[in-house]
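Subject: Structure handover

Hello,

Please find the structure below. My notes on it follow.

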Amino acid sequence: MSARTLFITGTDTGVGKTVVTALLASLLIRHGRDVGVMKPVASGGVEKEEGLRSQDLIFLRERLRLTDPEELINPVCFREPLAPAIAARREGREVDLGILDKAYEQLKRSHEFLLIEGIGGLLVPLRDRFAVADLALRWETPVLVVASPRLGTINHTCLTLSHARAHDIKTAGFLFNAARETDGGGDWKSSAACIDEFCGVPFWGMLPFAGELSSGGSAWESLLGEADRQLAPRLEQFFE
Ligand SMILES: Nc1ncnc2c1ncn2[C@@H]1O[C@H](COP(=O)(O)OP(=O)(O)O)[C@@H](O)[C@H]1O
Ligand SMILES: [Mg+2]
């Protein structure tokens, strides 16, 4: 087996990449698909009994029945909430691309689909002169860009999409996610149309702010319903 892959990136940190990764994986699972998820590099890990763990891994674990070993799902995690190349340097380490490749290949072999969550945005450095975009390119994985329905999003989203295009990274689409209560108040429909017109990349939809997303809670279920209506048809089309 060799999984079909999608790399979830964003215009910034905190825009909802982990939430979108969990939603898309849940949708695929609900439709009877076999899905793996991966967070190749994380920072700002929390100390648990088992050691340092990525908060994104914990979030994904709580919402998806993941059977893969954690060291494959998240092979590299730093304690400090910094860009990985900087966190690594401060710990006297370096991100080992060989470890990432091995985990990626193994997960790809074990699933029908593999969703990979980046860190921050495309130009976050993972090591010297090697950013998140280089990882997507190395793995030849199309990217989905999570953006915010806030003022400024046309610039952030178009910059992200044009960087992808300039570096031959395929783009599956972009979507808006209201990660904050104040998001989505402006004319996000016109912003989405403007980005589509400038960049020629399909708009997958707009996920509303759903409140506190506790696992199994009603906010999570209602967001999942919204994702099913808006994103599932796009996802199906992309993977067909
Ligand atoms: N649609 C939403 N409704 C409510 N809360 C959200 C929504 N999207 C994201 N959040 C919250 O916003 C924060 C950032 O989201 P997250 O997915 O972790 O972002 P990223 O992975 O891009 O850093 C988290 O606390 C998450 O629970
Ligand atoms: Mg995240």
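Leu6 is in contact with Leu115, Thr141, Pro142, Leu144 and Ala172, leaving aside residues up to four places away in sequence. Please keep in mind that this is a predicted model. Leu6 belongs to strand β1. Leu6 counts as buried because it has 21 C-beta neighbours inside 10 Å, and the threshold for that class is 20 or more. Another pairing across the sequence is Leu6 with Ala136: the two are 130 residues apart along the chain, and their C-alpha atoms are separated by 9.2 Å.

Overall figures

The protein chain has nine helices and twelve strands. Its radius of gyration is 17 Å, which agrees with the value near 18 Å that a compact globule of 240 residues would have. The C-alpha trace spans about 45 × 35 × 35 Å along its principal axes. Of the 240 residues, 45% are buried. Among contacts in the protein chain with a separation of 6 or more, 75% are between residues 24 or more positions apart.

Strand β10 covers residues 143–147, and five of its five residues are buried. Both faces of β10 are covered. On one side the buried residues are Val143, Val145 and Ala147, and on the other they are Leu144 and Val146.

Which strands does β10 pair with? One is β1 (residues 4–10), which runs parallel to β10 and is joined to it by four bridges. The other is β11 (residues 171–177), also parallel to β10, with five bridges between them.

Two residues with positive phi

Glu140 has a positive phi of about 50°, although it is not a glycine. Glu140 sits in the loop between α6 (132–138) and β10. Is Glu140 buried or exposed? Glu140 counts as exposed, because it has 11 C-beta neighbours inside 10 Å and the limit for that class is 12 or fewer.

Asp168 is likewise not a glycine and has a positive phi, here of about 60°. The loop between α7 and β11 holds Asp168. Asp168 is exposed because 8 other C-beta atoms lie within 10 Å.

Ligand 1

How many residues surround ligand 1? There are 17, and the closest are Lys17, Thr18, Val19, Ala179 and Ala210. By class, the shell has nine nonpolar, seven polar and one charged residues. Helix α1 (residues 17–30) gives the most to this shell, with three residues.

Regards

Methods:
Residues numbered from 1 in each chain as written. Chains lettered and ligands numbered in written order. Predicted model: local features only at pLDDT ≥ 70, side-chain atom pairs only at ≥ 80, totals over all residues. Pairing = 2+ DSSP bridges. Near = placed C-beta within 6 Å. Nonpolar A, V, L, I, M, F, W, Y, C, P; charged D, E, K, R; others polar. Rg over C-alpha atoms; globule rule 2.2 N^0.38 Å. Contact = placed C-beta atoms within 7 Å.
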